[in-house]
Amino acid sequence: MNTTLKITRIGNSAGIVLPKEVLARLRVGPGDALHLTEAPDGMRLTAHDPDFAATMDLAEEIMREDRNILRELAK
């Protein structure tokens with residue numbers, strides 16, 4: 001999907017309007033957060049937080065390693 005977006009003035013700032021087709025593909029709506037990350041080929045706009053994914057991977061690793069300790073703490 002190639003979509004050209006126009007930068008518009010919003011008060012003292014600038015913004016873009018995302019067409020409803022783009023919002024549907026991102027599965028987001030008004031009030032949701034989007035994350036802009038740098039990619040080798042430019043910038044990437046996503047609905048998921050890449051930092052959160054890394055944190056969850058670390059949490060899952062800790063939970064696997066310390067399963068017995070977590071069972072005791074849950075009692």
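This is a predicted model: local features need pLDDT of at least 70, side-chain atom pairs count only at pLDDT 80 or more; totals for chains, interfaces and linings use all residues.
Visitor: How many charged residues are in the lining of the largest pocket?
Guide: Happy to start there! The largest pocket has a volume of about 180 Å³. Its lining is formed by Met1, Asn2, Thr3, Leu5, Leu18, Val22, Arg25 and Leu45. Arg counts as charged, and by class the lining has five nonpolar residues, two polar ones and, as for charged residues, one.

Visitor: Which helix gives the most to the nonpolar patch?
Guide: Let's look at the members of this surface patch, which are Met63, Ile69, Leu70 and Leu73. Together they have about 400 Å² of accessible area. Leu70 is found in helix H3. With three residues, the element that gives the most to the patch is helix H3 (residues 67-74).

Visitor: Is Leu70 buried, partly exposed or exposed?
Guide: Good one to check with the cut-offs: buried means under 20% relative accessible area and exposed means over 50%. The relative accessible area of Leu70 is 37%, so Leu70 is partly exposed.

Visitor: Which residue other than glycine has a positive phi, and where does that residue lie?
Guide: The phi in question is near 60°, and the residue is Arg27. At 76% relative accessibility, Arg27 counts as exposed. As for its place in the chain, Arg27 lies in the loop between helix H1 (20-26) and strand S3 (35-39).

Visitor: What distance separates the C-alpha atoms of Glu38 and Leu26?
Guide: Glu38 is found in strand S3, and at 71% relative accessibility Glu38 counts as exposed. Along the chain, Glu38 and Leu26 are 12 residues apart.

How values were computed: Residues are numbered from 1 along each chain as its sequence is written. Side-chain values use heavy atoms; hydrogens and water are left out. On a 1 Å grid over the protein atoms alone, a cavity is a set of points where a 1.4 Å probe fits but cannot get out, and a pocket is an open set with protein on both sides within 12 Å along at least five of seven lines; lining residues have an atom within 4 Å of a point. Grid points are joined across faces, edges and corners, and a volume is the space filled by probe spheres set on the points. Patches are made of residues with over 30% relative accessible area and no salt bridge: like charges are joined within 9 Å, nonpolar side chains (Val, Leu, Ile, Met, Phe, Trp, Tyr) within 5 Å. Accessible areas come from the Shrake-Rupley method with a 1.4 Å probe; for residues, only the protein chains shown count as cover. A salt bridge is a side-chain nitrogen of Lys or Arg within 4 Å of a carboxyl oxygen of Asp or Glu. Helices (H or I, at least four residues) and strands (E, at least two) are DSSP runs, numbered from the N terminus. Buried means under 20% relative accessible area, exposed over 50%, partly exposed in between (1.4 Å probe, protein chains only).
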